[in-house]
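The notes go void by void.

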Amino acid sequence: MMSVAEVMGADANPMAGTAEDQDDMTRIGKKQELLRNFQFLSVLAFTTVIIATWETVLYTVSYGLINGGLAGLIWMFVVAAVGMSTVVLSLAEMASMAPTSGGQYHWVSEFAPPGVQKFLSFLTGWLATLAWQTGIASGSYLTASQIQALMLLNDPSYVFERWHGTLLIIAVATVAICLNIFFAKQLPRIEIFMLVLHFVGFFAIVIALWVTAPRTPAKIVITDFQNNGGWPNLGLSVLIGLTGPVYSMIASDCAVHMAEEIKDASRILPLGMVWSMIISAISGFIMVLTFCFSVGDVEAALSSPTGQTYIQVFYNATGSRAGTTFMTVVIATMTLCNIVNNVASASRQLYAFARDRGLPCSSTLSYVKPGWAIPLNSILVCFIVTCLLSLINIGSAVAFNAIVSLGAAALFSTYAISITCILIKRWRGEPLRPRRWSLGKWGAPVNVAAMLFMALFYFFSFWPLFTPTEAATMNWSIAIYGVVVSFAVVYYYTHGRLVYDGPVVLVKKDL
């Protein structure tokens, strides 16, 4: 006779999720320690809020205005949207094959050629850790900068101080950490509220700009490409401007690191990733068009005393400090929501990599206290790392920006390594893991398109916005990136290879 749990299925145990979830955890040889309380809408909300495309479009517009102009902003956003779609589709298929919080480093361990599985998986794990840890600091810094810009808007006598920014970074991170610790079980419901705020804020700002702002002629918006960065030719300048739109659509793997908290993850996770990309691309494109038709004097916007181009455009459009403050507060609030989700993803990625002994103090980082169902130690380490990084801002804003800006390149590296492993299997005709969401015959073409697009972005992500450059305007992220990769390689050969086997050793290949 069947037991009650067998009759009711896995839903009788909210920790276990569905029968498919249990099978996935059994196959990868991992114990279910986290609560599976995310479903499709909360996954969609989580991913959409952390990508934050329309918000990021606004605070990265200076990239495109300097390199490409208004037309460059629009057409490079289209290029970025198409390119990032191929990346997300590739990641979504792998997420359906192996829905685990480890994400990219697990996929590499399982799908890479046997001779390089261990090393590439270890390197991918370190790059993902770097990307997500700096992401928290970057988002907190952005929120702090917006708060300081609002202070300057409403009090022109206010003087920017780097230590003010550091204290604000720590304050913002504290809020995000507390929400992740004390409201962890309510996080899926909070995500729905964040998504509603995301859409309400979007329509409020779009409508306000179309109603109040002067119109830039359509011919200028669509066809006027500009090279304001001093580069040898217009084409090069436009390509450098691609980085801004890409930043506004990166981080779809955020939901992957929540996989062990998603019910029916092998089906819901890829669906959430793909639909969030569709929503983000559409809302982002509408915001790009709205901004370009409302920008007015581009030079005045770029030289805003607030240091934020979009705030100046808001003020020029509304002519009201109160109205501008309200619109900016909406964006700053959504940035804070982004950081809350960033902490959740970063801590789960840290927890998973430590669980596979890829980091120092792995047993501490991967510990989940019974009854809590969250990786508390990893969450606290995320906070400590953010605080330590914020202290760098006091000594050198250039050094701080160099560190936090390399997250995109590090994240793209993990995407590229993962997709390359699947592509090699396809080229060799090797069987792929069964999956409930598949690209089918389009798998190889989509993977190739994703690799070509990432190669283009990766190359230009290390370029500065201007030439000639000086210490303050140089893009130092390539140097920091090289140091981190070198450290990971040295750590691997001196210690990591002795304790890290990669998750593939626990995978039950017959399941």
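The entries below cover cavities, then a pocket.

I worked from a predicted model, where local features need pLDDT of at least 70, side-chain atom pairs count only at pLDDT 80 or more, and totals for chains, interfaces and linings use all residues. Residues are numbered from 1 along each chain as its sequence is written, and side-chain values use heavy atoms, with hydrogens and water left out.

Cavities. I searched the whole structure and found two cavities of 30 Å³ or more (on a 1 Å grid over the protein atoms alone, sets of points where a 1.4 Å probe fits but cannot get out; lining residues have an atom within 4 Å of a point). A volume is the space filled by probe spheres set on the points, which are joined across faces, edges and corners.

I put the largest cavity at about 70 Å³. Its lining includes Glu261, Arg348 and Trp372, and I count six nonpolar, one polar and three charged residues there (Ala, Val, Leu, Ile, Met, Phe, Trp, Tyr, Cys and Pro are nonpolar; Asp, Glu, Lys and Arg charged; the others, Gly among them, polar).

The second largest cavity holds about 40 Å³. Val57, Thr60, Val61, Leu73, Phe77, Gly244, Pro245 and Val288 line this cavity. Six of these are nonpolar, two polar and none charged.

I then looked up the second largest pocket, at about 470 Å³ (an open set with protein on both sides within 12 Å along at least five of seven lines). Of its 19 lining residues, Trp126, Thr129, Leu130, Gln133 and Val385 are the closest to the centre. By class I noted 16 nonpolar, three polar and no charged residues.
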